[in-house]
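Subject: Structure handover

Hi,

Here is the structure I promised to pass on to you. Please open it next to this email and follow along.

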Amino acid sequence: MTQDEMKKMVAEAALEYVEVGTIIGVGTGSTANHFIDSLATIKHKIDGTVASSNASAERLEAHGIPVLDLNSVSELSVYIDGADEANHYLHLIKGGGGALTREKIVAACSRKFVCIADDSKLVDVLGKFPLPIEVIPMARSMVARELVRRGGQPVYREGFTTDNGNVILDVHNLEIMEPVKLEQELNDIPGIVTVGLFAKRPADVLLLGGKDGVRTLT
Ligand code: 5RP
C-alpha cells in the first residue's frame, strides 16, 4: 500500500466522526483533500463546512459542499485535518502546507479535533519535521534571530505567501521535549502570528493509516 493509499483510507475512516445536521471544520493538505472527496459522498447529511484555507474552500465548493464564513458560525462539531508529525500525546506539528493559522483558528472553534495521517507521521519526539512559523513580513529577520538564539535554524520559505499575506519560517534542528511550553514561548515573540505546534490544543483523536488498516489513538 502506498502512502497516498494510506492517507485515502484514513480519510474515509474519518467520515464516522461527521455528525448529521452539523457544520464541520475541514483542514488542508493531501490527506484533507482525500477527506473532502469522501465527504462529497455524504454532503447532504451536513449543514456546511468551514475551510482552513482558500485551496480547501475551492475543493469543497467544486464538490457542491457549502463553505461558510467562520464569523457566521458559533461552533463546529468536529475539525478534521492532517498533520506533519504527531506524538503519543496527540501534540502535532502542522503547517507544511502553510495553512497553520487558519487551521489553529478552526481547531479552536471545534468541539472535537480528529487528526488523520499515515502512520509515518507518528514520532516519539516532535521536531524532525521543520516547525513552520507564520510571521508578519516586516518582522522576518528579527524573529529569525530570536529563533537562532533558541537553538533553531530558521529557513525562509521562498516564494510563499500565506492566505493571510504573511511569510513562513521553517525551523530546523529543534528537539521539542516540552511542546506546550515551547508553543507558549514562541507565541510571545512579537511578529510571530502562529506557531505550527498544536500542543496547547492537541488533537482529541488521531487516526493513523498503516498497512494493517486504521489505528485509533486517543
Ligand atoms: C497544512 C497542514 C497539513 O495538514 C500537513 O502539512 C499534512 O499534509 P499532508 O496531508 O499533505 O501530508 O498542516 O498546513
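First, some ground rules. This is a predicted model, where local features need pLDDT of at least 70 and side-chain atom pairs count only at pLDDT 80 or more, while totals for chains, interfaces and linings use all residues. Residues are numbered from 1 along each chain as its sequence is written, and side-chain values use heavy atoms, with hydrogens and water left out.

Let's start with the helices. (Helices are DSSP runs of H or I with at least four residues, strands are runs of E with at least two, and both are numbered from the N terminus.) Helix α1 covers residues 3-13 and helix α2 residues 30-39; their axes come within 8 Å and cross at roughly 50°. (Axes are lines fitted to C-alpha atoms, for helices over the stretch in contact, and angles run from 0 to 180 degrees between N-to-C directions.) That angle is why α1 counts as oblique to α2. (Under 35 degrees is roughly parallel, over 145 roughly antiparallel, 65 to 115 roughly perpendicular, and the rest oblique.) On the α1 side, the contact is made by D4, K7, K8, V10, A11 and E12, and on the α2 side by S30, T31, H34, F35 and S38. (Contact means heavy atoms within 4.5 Å.)

Now look at α2 by itself: seven of its 10 residues are buried. (Buried is under 20% relative accessible area, exposed over 50%, partly exposed in between, with a 1.4 Å probe and protein chains only.) The buried ones are T31, A32, H34, F35, I36, S38 and L39. Their cover includes α1, β1, β2, α3, β3 and β6.

That brings us to strand β6, residues 110-118, which is also mostly covered, with seven of its nine residues buried. Which strands does β6 pair with? One is β3 (residues 76-81), in the parallel sense over five bridges, and another is β12 (residues 205-210), also parallel and over five bridges. (Two strands pair if DSSP finds at least two bridges between them.) To find these pairings on screen, look for L76, whose bridge partner in β6 is S110, and for D118, which stands opposite G209 in β12.

Last stop: G152, in the loop between α5 and β8. Is G152 buried or exposed? G152 counts as buried because its relative accessibility is 5%. Beyond its neighbours within four places in sequence, G152 is in contact with L147, V171, H172 and L174.
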